[in-house]
Amino acid sequence: MTPPDDVLGYPVPIARFVARTDLAVVALQHVVAYPDGCALHLHLTVRRGTLDRSTWDGIGESHAGGFPGPTGDGLKFRVDRGSLTEVGGGASYDDRRYRGDRQLWLSPLPAGPFEFSVEWRKAGLDRTATTLDGRAITEAAKLAQPYWP
């Protein structure tokens, strides 16, 4: 499932670091709530620092998908309730910095607090979690408006 293409979702500001190390940052900027789910908007940044060329080149490759198998060292997102699907994003990197954005679809709407976590071992991030207010997201979904009556 994906965000509906005929509904104006309602934003919920979050502006929270989900994970932050000396080299990598994953930040959840905001959530856009819809009647049947919500879109989580993330920013990813990695600076090269002391990473060797082989590891650095693997960073750009390891972000693809966001949902590799349990043995992969690529980027992984999880929630303790509901289902996550990647619905958008992009990235670029050069010799010094990786920058990316991701949009994840969570359904169904969370009824209460839920845990969102990220792991990106290739970038030096162990699994890190934050608790989000599902009730605020569900309340915001009531303010989403269809494009046409």
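Reply: The account below begins with confidence, goes on to aromatic rings and salt bridges, and ends with some points of the backbone.

The model is a predicted one. Its pLDDT averages 89 over the protein, and 92% of the residues score at least 70. Residues 64-71 are a stretch with pLDDT below 50; in the model this stretch has 20 contacts beyond near neighbours in sequence.

Let us turn to the aromatic rings. A pair of aromatic rings is described by two quantities, the distance of the centres and the angle of the planes. The structure holds 6 aromatic pairs.

Another pair is formed by Y147 and W148. Here the centres are 5.6 Å apart and the planes stand at 75 degrees, which is over 60, so the pair is edge-to-face. W148 is located in the segment after strand 10, the strand of residues 145-146. With a relative accessibility of 62%, W148 counts as exposed because the value is over 50%. Y147 has a relative accessibility of 44% and so counts as partly exposed. Together with L8, Y147 and W148 make up a nonpolar patch on the surface, and the accessible area of the three together is about 390 Å².

The aromatic residues also include a cluster. W56, Y93, Y98 and W120 are its members.

The charged groups come next. Side chains of opposite charge can pair when their charged atoms come close. The structure holds 8 salt bridges. One of these is between E86 and R102, whose closest N and O atoms are 2.8 Å apart. E86 is in strand 6, residues 83-93, and R102 is in strand 7, residues 97-107, so this pair ties together parts that are 16 residues apart in sequence. As for accessibility, E86 has a relative value of 29% and therefore counts as partly exposed. R102, at 4%, counts as buried, because buried means under 20% relative accessible area.

A further salt bridge joins E115 to R127, with 2.9 Å between the closest N and O atoms. This pair links distant parts of the chain, since E115 is in strand 8 and R127 is in strand 9, residues 125-132, 12 residues apart. E115 is partly exposed at 28% relative accessibility, and R127 is partly exposed at 44%.

E119 and R121 provide another example, their side chains meeting in a salt bridge of 2.6 Å from N to O. E119 is buried, its relative accessible area being 6%. R121, by contrast, is partly exposed, with a relative accessible area of 48%. Both residues belong to a network of salt bridges that links R78, E119, R121 and D126.

Some points of the backbone remain. Most residues other than glycine have a negative phi, and most peptide bonds are trans. A15 has a positive phi of about 45 degrees, although A15 is not a glycine. This residue is found in strand 2, which covers residues 10-20. A15 is exposed, having a relative accessible area of 62%. The bond between S107 and P108 is a cis peptide bond, with omega at about -5 degrees. P108 itself has its place in the loop between strand 7 and strand 8.

Finally, P3 is found in the segment before strand 1, the strand of residues 7-8. Leaving aside neighbours within four places in sequence, P3 is in contact with Y34, A39, V87, Q103 and W105. P3 and A91 are 88 residues apart in sequence, and their C-alpha atoms are 21 Å apart in space.

Definitions and conventions: Residues numbered from 1 in each chain as written. Predicted model: local features only at pLDDT ≥ 70, side-chain atom pairs only at ≥ 80, totals over all residues. Heavy atoms only, no water. Patch = residues over 30% accessible without salt bridge, like charges linked within 9 Å, V, L, I, M, F, W, Y side chains within 5 Å. Areas by Shrake-Rupley, 256 points an atom, 1.4 Å probe, with all protein chains shown as cover. Salt bridge = Lys/Arg side-chain N within 4 Å of Asp/Glu carboxyl O. Helix = DSSP H or I, 4+ residues; strand = E, 2+ residues; numbered from the N terminus. Buried < 20%, exposed > 50% of the residue type's maximum accessible area, 1.4 Å probe, protein only. pLDDT = per-residue confidence, 0-100. Contact = heavy atoms within 4.5 Å. Phe/Tyr/Trp six-rings, centres within 6.5 Å; stacked < 30°, edge-to-face > 60°.
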